[in-house]
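Take a look at the model below.

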Amino acid sequence: MTGTILQRVRTGHGGEAGAGASGGAGRRGAARAGAPPRVDVLRDIDVSVVVPVHNCRPYLDRCLTSILVQRVSREIVVVDDGSTDGGADLLDLYAACHPGVVRVFRQGPSGGAGRPRNVGLSHARGRYVFFCDADDHLGPEALERMLAMADRNGSDIVLGKIVGHGRRAPVSMFHENADRVPLGDSAVYNSLSCFKLFRREMLERHAIRFDESLLVGEDVVFTTHAYCHAEVISVVADYDCYHLVDRPDGSSIMQRPGSRDPVAWLRMIRKPIEVMTSHVRPGALRDHLLRRHFRMDAFGSLGRPFLEAGPDQREEIAAEVADLCDRWLTDGVRDRLRAIDRSRLAALRDIDRLVRLAHVESAVVRRELTGLCWDAGGRLAVSGRVALSAPVGGDGPEPDVGGLVLVLRRRHEGPERPRDVVVPVDGGPEGFTGAVDVAALSSGVWDVHVRIECEGVARLARLGADRDGRIVPPVPRVAGGVVALPYFTRPHGNLSVDVGGHVVSVPGNVRLTRTRWMFGHRLAIDGEVTVGAARPAARAVRHLVWRERCSGRERREPVVAGEGGAFAVRQAANRLGPGTWDAYLELDLGGPPALFRIEAPAEAIAPPRTWWRGLVRRNVRPYATAGKGRLSTAVRTLTPGAFVRRLLH
């Protein structure tokens, strides 16, 4: 297959090296109406990496080297946007050392990244294009993994996992790899940066370019347009593909004062919304995409940016959001909004209310676990304190707190999230206690949260990391045949409850009380079992499991379970083949099977027994292992042939 991933670093395939002409934005559309434009593709170049550069000399080595080590056929199209820091000389050096691979084009300073990216795109020759800022860098296998995903699925866009270094990076779309992600039923549209792998033919066919009139948000317009035409979108989530780096000197465009001015951002965001709505018909898909713009752009401007704005600018922000709502907020979008955003929507003409809501959202949830134990009714009593504190620099009072409950949320693996369990509490924020009925929880791991409400807005926070140092998880409890194990997670130390022993080892003790030989060479084994400090129900005791020490093969024997944790097994010794067999008791405690070794006091062990079956002599020797004293059985057989060989030796 042409353009597959190479297993070595190529040195390039012709083309320009060194300085190029300053050029415009390249092709803008089809040569004639109704006909797709011609796309010049060098089939031996898989990826063109476009790097806009403006005074990034300290970061260029790391950026360019991270691209050169990629094990795919690639070219680096660098557009120097009027650098004055000596970076041009370094670019010439790279172009000279990597002819045909590093191609440098120069132009006067444009003030933003849109024009140099367009120039780079116009000179790109690969099947795919990736945009990399000069102060960022790639993981060593980034393009290899993304290209493999693209070639396997015929992808038009591949999102590679982005990690931030001093900067926030998107996370909602990077939970797992995905060959094909539906735009309308996923979180990929939450990421509108251009740090992705794009099929160049798609970009050219639909004249997708960066808006050069924008200094901030030009990539939002570009990526929105690309999403509208992408037939296959894929995600690489199991590898750190793109490293987003914060400049210590604060010189990047996004770090300059006013770069995220909320009023300017709200006016800019109209462009991608107009692009999207011009391509996507009204309906569920459009509502899903509009929700992103309202939640993250429009109502996001009513959070921390709203608090930091002055009184006059707050009026402007609210007016801009109101205008966006008048134009594009549909009933379908409204139904998808969070509770706090619906509250904001109702308060767009009430600036004071918007300020209070911003304080609630920005406030720090301070919570402390003060007690954890089993109560007299067998419920898990969880005690603590909670408060909402205004963020540092906030100009408002601490919000009043109400609507306090505990929320248990089960971790899930499937597409359907289980319903939360809400536990009412006694007391108030300064001291509360909730009693969790663990017998009512389904099997799985449940994370414990505290939820408080203020101004009709709920804030949810994990509970347990901040706690009295004397608090330890109580012993496991068996309720209704199911074991519940409270524990603190690692490394964060939050409180969770493992129902069934999925991630926490179940502490159990199985003790042998007596063994004896019965008629028919049956070994009678009697014992008792405890889990934590309790005796499990008889129905929880399932099998006696014999595991051969060398081969790992197993045999299961039925168990007769009684009350109080007692059990009895009548083992037909001739069913165990030659070898050393270790004994386990298997319990069903509501999760994965729990296996416990059987402790065996020496005085409770029956003597060995030997008997003949035909010409075969069998010796079965129960014993307690050295050290921990656990029940095992050594089985030896002697056939006539083995007897003769023993004599000859």
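Start with helix α14, residues 351–362, in this predicted model. The helix has 12 residues. At 1.5 Å a residue, α14 should span 16 Å. Its end C-alpha atoms are 16 Å apart, so expectation and model agree.

How much of α14 is covered? Most of the helix is: nine of its 12 residues are buried. They are I351, R353, L354, V355, L357, A358, H359, V360 and S362. The cover comes from several elements. Among the helices are α10 (304–308), α11 (311–328) and α13 (339–346). Strands β10 (364–374), β15 (444–454) and β16 (457–462) also take part.

Which residues does A358 touch, leaving aside its neighbours within four places in sequence? A358 is in contact with L302, G303, L307 and R344. P305 is 53 residues away from A358 along the chain, yet their C-alpha atoms are separated by 8.9 Å.

One of the elements covering α14 is α11. Helix α11 also packs with helix α8, residues 270–279. Two packed helices are described by the angle between their axes and the distance between the axes. For α8 and α11, the angle is about 5° and the axes are 12 Å apart. Angles under 35 degrees count as roughly parallel, so α8 is roughly parallel to α11.

Which residues meet here? From α8 come R270, I273, E274 and T277. From α11 come E320, D323, L324, R327 and W328. By class, this contact has five charged, three nonpolar and one polar residues.

Key: Residues are numbered from 1 along each chain as its sequence is written. This is a predicted model: local features need pLDDT of at least 70, side-chain atom pairs count only at pLDDT 80 or more; totals for chains, interfaces and linings use all residues. Side-chain values use heavy atoms; hydrogens and water are left out. Helices (H or I, at least four residues) and strands (E, at least two) are DSSP runs, numbered from the N terminus. The expected span of a helix is 1.5 Å times one less than its number of residues. Buried means under 20% relative accessible area, exposed over 50%, partly exposed in between (1.4 Å probe, protein chains only). Contact means heavy atoms within 4.5 Å. Axes are lines fitted to C-alpha atoms, for helices over the stretch in contact, and angles run from 0 to 180 degrees between N-to-C directions. Angles under 35 degrees count as roughly parallel, over 145 as roughly antiparallel, 65 to 115 as roughly perpendicular and the rest as oblique. Ala, Val, Leu, Ile, Met, Phe, Trp, Tyr, Cys and Pro count as nonpolar, Asp, Glu, Lys and Arg as charged, and the others, Gly among them, as polar.
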